[in-house]
Each structure stands twice: as C-alpha cells, then as structure tokens.
Amino acid sequence: MATLKVPIAVEDHVQGPETADVTLVEYGDYECPYCGQAYLIVQQVQKHFGKRLRLVFRNFPLSEMHPAAEAAAEVAEFAGVQGKFWEMHDKLYENQERLGEVLYLELAEKLKLSTTALHQALEQRTFEARVRADFKGGVRSGVNGTPTFFINGHRHDGSFDFETLISAIHQAMGTAKSV
Amino acid sequence: MAQSSASNVTPIHSGGILPSGAVAPNFTLHVTPDQTLTLSDLLGRPVILAFYPADWSPVCGDQMALYNEILPEFRKFGAELLGVSVDGAWCHDAFAQNRHLHFPLLADFEPKGAVARQYGAYRAADGVCERALFVLDKNGMIAWSYCSPVAVNPGADGILQALEDLPK
C-alpha cells in the first residue's frame with residue numbers, strides 16, 4: 001500500500017491541531033473538477049470531526065491536462081507566505097471555472113494582497129519550485145491522480161464521497177487508539 | 001532479449017506477471033497506424049512498460065495522464081516509457097492527442113493481447129491488459145515488475161524506486 005513519504009512539516013498548509021487523532025493529507029489541483037467536488041466534501045468532513053482531524057493540502061497540478069493549474073497553485077502559495085493560504089485556496093476552488101490572471105488579481109485585492117507583487121511572482125515563477133517540490137513528493141508517495149488522499153499516512157484508494165471518507169477516517173481513529 | 005514472437009498467442013507464463021530477473025520478451029507493435037516499434041531497438045537504456053486496461057478512463061489523472069506529467073522524472077534516468085493496451089493504433093492516436101501524451105502508446109491489438117500474454121499481463125476474462133508495470137534494465141532484463149489491482153492506479157513511486165535501484 002502506498003504511504004506518505006514526505007512527513008508533515010512547518011512549510012505545510014495545515015488546518016486543525018497537531019494533536020488531532022487523524023491527519024488527512026490531500027494532494028490537489030485547482031483546475032481538476034473532482035478536486036472541486038472534494039473541496040466541498042472535505043469541508044463537511046472537517047465539520048464532522050472538528051478538532052479530531054487535521055487537514056493538510058499539497059499541490060499536485062496536472063499541468064499537461066490543466067493548463068491553469070500550475071499558476072493557480074503558485075497564487076495560493078503566494079497568499080500562503082502572507083498567511084492567507086486557506087482563504088486563497090477556498091476562493092480558487094469556489095471560482096474554479098474562472099481560473100486566470102483576471103481572477104487571481106481580483107482575489108488578491110479581495111484578500112488585501114498586493115496585486116503588483118502577485119503579478120511579479122507569477123511572472124518570475126517565484127513559487128514554481130515550491131509547487132514542484134509538492135508534486136515530486138506526491139509522486140514518491142504514490143499519488144495517482146487528483147485528488148489523492150492520505151489518511152494517517154496511508155493512501156486512501158476508495159472513493160472520496162462523504163460517507164466513504166468519514167468511515168475510512170473513523171477506521172483510522174480506531175487503529176490509532178489500539179496501537 | 002528473447003526473440004519470442006508477438007504472434008505467438010500461447011501464454012509462455014501463467015500465474016502472474018513475469019518477475020524480476022526474467023528476460024523481457026521482445027516484440028514489435030504498432031505505435032501509430034503506419035509505424036511500429038521494436039523493444040530490442042531500445043537496448044542500452046532502461047524501459048518502463050506500462051500495461052493498462054484501456055484508453056479513455058473517465059477520470060482526471062488516469063494512469064497514462066499521470067505518467068505524462070511525471071515524464072521528466074523518468075527521463076532523468078534516461079528511461080523510455082511505453083504504454084501498452086489492446087486498443088488499436090487509431091484509438092491510441094486519438095487518446096494521445098486528447099490527453100497531450102508525450103510518450104508512445106503501443107497497440108497490442110492483433111493478435112489481441114499477444115504481448116500482454118507473454119508478460120503474464122492479460123486478463124483473458126475481460127479481454128484487456130492487467131495494470132502491470134515492468135522496469136527493464138539497459139540489457140532488456142526485467143529489473144522490477146508489479147501488478148496492481150485493476151481498479152487501482154498504481155502511481156509512479158514503484159517505477160521511480162526501481163529506476164533508482166538500477167545498477168549505474
């Protein structure tokens with residue numbers, strides 16, 4: 001079974017406490033429609049488990065298939081260094097059908113981020129290396145498409161509908177307690 | 001490489017895919033409607049053979065699309081990636097164009113699945129290839145092989161590890 005090879009680190013984008021019973025890692029692509037569906041489901045899952053769950057999001061843009069995915073990932077990383085990763089992540093998924101520089105600048109303005117700095121970061125590919133590092137780590141961990149989830153470090157090969165995800169997480173919680 | 005012919009439909013290996021240490025059976029298959037590719041022409045560099053059930057899986061990031069994204073990582077090892085399914089060359093052509101694939105898809109089409117059978121990677125009941133991966137060393141020996149449950153895209157971690165483990 002595929003397992004997460006890159007441990008959760010300070011550079012990661014995390015929601016939820018470190019002491020949570022279960023860590024859910026998502027490798028996602030902002031242009032992937034399945035990730036768009038998963039975005040809403042993961043929010044429900046987070047609501048369901050509250051502080052018992054920690055969520056980590058990592059980039060896995062399938063650029064050949066989704067030409068806007070890489071830049072969108074860089075936009076989220078740009079917001080991330082200014083403490084607004086999740087706000088940008090959410091807004092990108094909520095506006096998935098409008099990905100492009102017009103949207104990015106509009107969102108930056110909404111989040112009170114410098115549009116000039118964002119434009120520059122995209123132009124100079126400032127966050128490309130960061131996004132590639134996520135991608136490469138994902139490949140090494142057996143990410144096999146988007147979205148790919150890891151529950152406590154084990155790749156979740158089942159479907160990502162709400163019921164399946166929560167039952168898999170419950171199962172991991174059971175395992176966590178007995179070990 | 002063994003000079004076993006692709007036209008030999010009899011499975012030379014039953015009960016699982018060819019293991020590491022075996023000689024990779026040579027073959028010649030259509031890579032486009034008017035061009036063929038012969039495995040032994042690639043001697044001298046590692047080859048990744050990815051057998052998969054069918055073109056047009058209805059998901060984002062299906063196995064071939066994923067490998068397409070990872071191609072630069074494979075090329076760092078000088079490795080050549082070949083996708084193989086029983087779909088015909090015209091089907092592969094349309095699929096490759098649609099997904100912007102930058103590596104060859106081989107048509108194990110006539111006699112159907114003959115090469116897959118030689119590698120022990122044919123699902124006779126379904127009439128398609130297994131989701132089976134082979135990493136061949138530069139001498140055409142199988143260095144690593146893996147058969148994934150047909151519904152599970154195996155990803156690329158095993159391939160990269162096998163490439164890394166090849167003698168330099």
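Let's start with one residue: B:Ala50 is buried, with 24 other C-beta atoms within 10 Å. For us, buried means 20 or more other C-beta atoms within 10 Å of a residue's own, exposed means 12 or fewer, and partly exposed is in between, with C-beta atoms placed from the backbone. Keep in mind that this is a predicted model, where local features need pLDDT of at least 70 and side-chain atom pairs count only at pLDDT 80 or more, while totals for chains, interfaces and linings use all residues. Residues are numbered from 1 along each chain as its sequence is written, and chains are lettered from A and ligands numbered from 1 in the order in which they are written.

So where does B:Ala50 sit? Its place is in strand S3 of chain B. A contact means that the two C-beta atoms, placed from the backbone, lie within 7 Å. Take B:Leu82 from that list: B:Ala50 and B:Leu82 are 32 residues apart in sequence, yet their C-alpha atoms are 6.2 Å apart in space.

S3 (residues 47-51) and S4 of chain B pair in the parallel sense over 5 bridges; we call two strands paired if DSSP finds at least two bridges between them. One spot to look at is B:Val47, which stands opposite B:Glu80 in S4(B). Why do we call S4(B) largely enclosed by the rest of the structure? Because 5 of the 6 residues of this strand, residues 80-85, are buried.

S4(B) also pairs with S5(B), residues 105-107, again in the parallel sense, over 3 bridges. Here B:Val84 stands opposite B:Leu106. To get from S4(B) to S5(B), the chain crosses through helix H2, residues 89-99, and this β-α-β crossover is right-handed. Right-handed means that, with the strands pointing away from you, the path from the first strand over the helix to the second runs clockwise.

B:His100 counts as exposed, with 12 C-beta neighbours inside 10 Å. And in the loop between S5 and helix H3 (114-118) of chain B there's B:Pro111; the peptide bond from B:Glu110 to B:Pro111 is cis, with omega near -5°.

Stepping back, chain B has 4 helices and 9 strands, and 44% of its 168 residues count as buried.

How does chain B meet chain A? 19 residues of chain B are in contact with 17 residues of chain A. On the chain B side, helix H1 (63-75) and helix H4 (157-165) are the elements that give two or more residues, and H1(B) gives the largest share, 6 residues. H4(B) has buried residues too: B:Asp157, B:Ile159, B:Leu160, B:Ala162 and B:Leu163. Those pack against several elements, including helix H6 (128-141) of chain A and H1 of chain B.

That brings us to chain A. Its 5 strands form an open sheet in the order S1-S3-S2-S4-S5, with mixed pairing. S1 (13-15) and S5 (154-156) of chain A stand at the edges with a single partner strand each, so one side of each is left without a neighbour in the sheet. S4 (residues 148-151) and S5 of chain A pair in the antiparallel sense over 3 bridges, and A:Phe150 has A:Arg155 as its bridge partner.

Last stop, A:Pro147, in the loop between H6 and S4 of chain A. What kind of peptide bond joins A:Thr146 and A:Pro147? A cis one, with omega about -5°. And there's A:Lys112, in the loop between helix H4 (101-110) and helix H5 (115-123) of chain A: its phi is near 60°, positive in a residue other than glycine. A:Lys112 is exposed, with 9 other C-beta atoms within 10 Å.
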